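Q: Please take a close look at the aromatic pairs in this structure. Where do the rings sit, and what is around them?

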Amino acid sequence: MPKYRLRTISDPEFINLSPLDINPLISKCEIKVFYLGPNRNKTLIDKETATEMSTSLRGSPIVGYYKPEKGDFEDHGDIVTIEGSKVTFGCKTIPYGFVAPDAKVWF
């Protein structure tokens, strides 16, 4: 069994970053997460439910299935494969980012 030696930093030096010090590969955008009322997936989200859902939106991943021929996002890209008597479910969505911790949530 390997022996590990605990090491501590006696005088850490913290770097004060500004809110704009961020990875240059990250872009900010506005995105619709869902619609009040009837949605394309046949669900219905009322204002009370939307308000409750909004409290856990920040920090959530943004995933989607982009359909190039449509030039827009589709649903979540569900895949159902049937091989003989075996049915499997998959997903074509990929992660695009996350909802920023300071995001303005509105509807």
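A: What follows starts with the whole chain, goes on to the rings, and then turns to the pocket and one further residue.

This is a predicted model, in which local features need pLDDT of at least 70, side-chain atom pairs count only at pLDDT 80 or more, and totals for chains, interfaces and linings use all residues. Residues are numbered from 1 along each chain as its sequence is written, and side-chain values use heavy atoms, with hydrogens and water left out.

Of the 107 residues, 10% count as buried, where buried means under 20% relative accessible area, exposed over 50%, and partly exposed in between (1.4 Å probe, protein chains only).

Now the rings. A pair of aromatic rings is described by the distance of the centres and the angle of the planes. Here, rings of Phe, Tyr and Trp (its six-membered ring) pair if their centres lie within 6.5 Å; planes under 30 degrees apart count as stacked, over 60 as edge-to-face and the rest as tilted. Searching the whole structure gives two aromatic pairs. In one of them, Tyr 66 and Phe 73 have ring centres 5.2 Å apart and planes at 75 degrees, so this pair is edge-to-face. Tyr 66 is partly exposed, at 36% relative accessible area, and Phe 73 is partly exposed at 35%. Phe 73 also pairs with Tyr 96, edge-to-face, with 5.2 Å from centre to centre and 85 degrees between the planes. Because Phe 73 lies in strand S5 (residues 72-73) and Tyr 96 in strand S8 (residues 94-98), this pair ties together parts that are 23 residues apart in sequence. Tyr 96 is partly exposed, with 43% relative accessibility. Through these ring pairs, Tyr 66, Phe 73 and Tyr 96 are linked into a cluster.

Strand S5 also holds Asp 72, which is partly exposed at 37% relative accessibility. Beyond its neighbours within four places in sequence, Asp 72 is in contact (heavy atoms within 4.5 Å) with Tyr 65, Tyr 66 and Lys 67.

S5 and S8 matter for the lining of the largest pocket as well: helix H1 (47-54), strand S3 (61-64), S5 and S8 each supply at least two of its residues. The largest share, four residues, comes from S3. By class, the lining has 28 nonpolar, 10 polar and 10 charged residues; Ala, Val, Leu, Ile, Met, Phe, Trp, Tyr, Cys and Pro count as nonpolar, Asp, Glu, Lys and Arg as charged, and the others, Gly among them, as polar.A pocket, on a 1 Å grid over the protein atoms alone, is an open set of points where a 1.4 Å probe fits, with protein on both sides within 12 Å along at least five of seven lines; lining residues have an atom within 4 Å of a point.
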